[in-house]
Amino acid sequence: MANVTVIGAQWGDEGKGKIVDWLASRADAVVRFQGGHNAGHTLVVGDQTYKLSLLPSGIVTGTLSIIGNGVVLDPWHLKSEIEKLEGQGVVINTENFAIADNCPLILPIHRDLDGLREAAAGAGKIGTTGRGIGPAYEDKVGRRAIRVCDLAHLDALDAQLDRLCAHHDALRAGFGEPPVDRERLLGDLREIAPFVLQYAQPVWKRLKKVRKAGARVLFEGAQGVLLDVDHGTYPFVTSSNTVSGTAASGSGLGPNATGFVLGIVKAYTTRVGSGPFPTELEDEIGQRLGERGHEFGTVTGRKRRCGWFDAVIVRQSCAVSGVTGIALTKLDVLDGFETIKICTGYRLNGKILDYLPSHAADQANVEPIYEEMPGWQETTAGARSWADLPAQAIKYVQRIQELIETPVALVSTSPEREDTILVRDPFAD
């Protein structure tokens, strides 16, 4: 059986949580491989709703859930999220949950720096979640991060703290803030260390064993390809690589382990935070999409910007991430529209483009070229087979897969796990 890698093929918020939950019930292990606790997933299972932002979605089903080394980990948020889920009856222990011992930590000073920078940025705001994720990744590549394994060696942390504080004290001084309180930081780490260390291990080794036994591994990506630090709408991106290839480096398994790459794609387009958005609708149609789709961030509660489906960016995302098939979500939000538009290309300075250019100014100035299709008046909500869908909805799905040059593997028609039309099983060889 194949492994599966799930990634968002737009700007995140595509409904990955429901799809990962659906797949996790058939997987033997679920692995988060990048991002931090900015990856909001809402899972609806029966009459229970679970909101996750750090833990892999498999934890709800009791599937072995692993936080890989590519994730930056806020240990205090980890404790809070585990306690909240346990309060909802979810069992979390060392049998079904593990953290890579080489994960970098998100510290309070990272949250401080994130907030100070955004407050001072004015028009240059990136629109971060303010959770310290970007600064934590900076410290990782700057070779001054404190990692999970360091929690077992806090008495030998002086050299690392020297490097860390030399960097942060200078930045804090520039914002008029006092130096890092080293003793308080060490005290906070000593207090949280036992909780985190009980789950810490070399997860690459555990995953190697799982894979050798023929188990099915589900790799769970966060955010979306258009927020990738290399391939996204830079600088309005996240601080990690969100493409499928990161599943290898962010978990400790090789690139041949990623298997079927499932790109999650919303039937329209949304974006939260700042940055270019060619098909954005700042009118009653955009308002209608947002209201019907309940478009508010799971992590931040921020209202999402909404627009028509953009086939250009999804085709590009599928190409750079090697997507095998897509999961089309929230088709029911389009029920009742007289006509529906799909962006098939862009105009920029008199030229027609079939891709999103790299430069931020060009991205902001492209004009969408639309193709118009008849809508449908019947409901698609809860459909579980093609026969349940209106003819025009089927034509819309077929047109999307033609334009993005990637087949549809499944269609999601509500937040409920079972309301899914399976076209191709990602776990099948």
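Contact here means heavy atoms within 4.5 Å. The model shown in these views is predicted.

**View A. Helix H3 packs against helix H4.**
On the H3 side, the contact is made by His110, Leu113, Asp114 and Arg117. On the H4 side, these residues meet Ile133, Pro135, Ala136, Glu138 and Asp139. By class, the residues of this contact divide into four nonpolar, one polar and four charged. Two packed helices are described by the angle between their axes and the distance between the axes. For H3 (residues 108-120) and H4 (residues 133-141), the axes come within 7 Å and cross at roughly 120°. The crossing of H3 past H4 is right-handed.

**View B. H4 also takes part in the lining of the second largest pocket.**
This pocket has a volume of about 200 Å³. Its lining is made up of 15 residues, and those nearest the pocket centre are Tyr137, Lys140, Ser239, Ser240 and Asn241. The greatest share comes from H4, with five residues. Sorted by class, the lining of the second largest pocket holds three nonpolar, ten polar and two charged residues.

**View C. The largest cavity is lined by seven named residues: Val225, Leu226, His231, Ile313, Gln316, Ser317 and Val320.**
Rolling a probe the size of a water molecule over the atoms shows where empty space is left. In this model the count comes to one cavity of 30 Å³ or more. The space in the largest cavity is about 30 Å³. Its lining has four nonpolar and three polar residues, and no charged residues.

**View D. Ten strands form an open sheet with mixed pairing.**
The strand order is E7-E6-E5-E2-E8-E1-E9-E13-E17-E18. The edges of the sheet are strand E7 (200-201) and strand E18 (420-422), each of which pairs on one side only. Within the sheet, strand E1 (residues 4-8) and strand E9 (residues 260-266) are parallel and pair over five bridges.

**View F. Strand E14 pairs with strands E12, E15 and E16.**
Strands of a sheet pair through backbone hydrogen bonds, either parallel or antiparallel. E14 (residues 339-348) pairs with E12 (residues 309-310) in the parallel sense over two bridges. Asp310 has Cys343 in E14 as its bridge partner. With E16 (residues 367-374), E14 runs antiparallel, and eight bridges join the two. Tyr346 stands opposite Pro368 in E16.

**View G. E14 and E15 form a hairpin.**
Two residues lie between the strands, and in the turn Asn349 has a positive phi of about 50°. E15 (residues 351-353) pairs with E14 in the antiparallel sense over three bridges. The bridge partner of Leu348 is Lys351 in E15.

Key: Residues are numbered from 1 along each chain as its sequence is written. This is a predicted model: local features need pLDDT of at least 70, side-chain atom pairs count only at pLDDT 80 or more; totals for chains, interfaces and linings use all residues. Side-chain values use heavy atoms; hydrogens and water are left out. On a 1 Å grid over the protein atoms alone, a cavity is a set of points where a 1.4 Å probe fits but cannot get out, and a pocket is an open set with protein on both sides within 12 Å along at least five of seven lines; lining residues have an atom within 4 Å of a point. Grid points are joined across faces, edges and corners, and a volume is the space filled by probe spheres set on the points. Ala, Val, Leu, Ile, Met, Phe, Trp, Tyr, Cys and Pro count as nonpolar, Asp, Glu, Lys and Arg as charged, and the others, Gly among them, as polar. Two strands pair if DSSP finds at least two bridges between them. Helices (H or I, at least four residues) and strands (E, at least two) are DSSP runs, numbered from the N terminus. Axes are lines fitted to C-alpha atoms, for helices over the stretch in contact, and angles run from 0 to 180 degrees between N-to-C directions. A crossing is left-handed if the near helix is turned anticlockwise from the far one by less than a right angle, and right-handed if clockwise.
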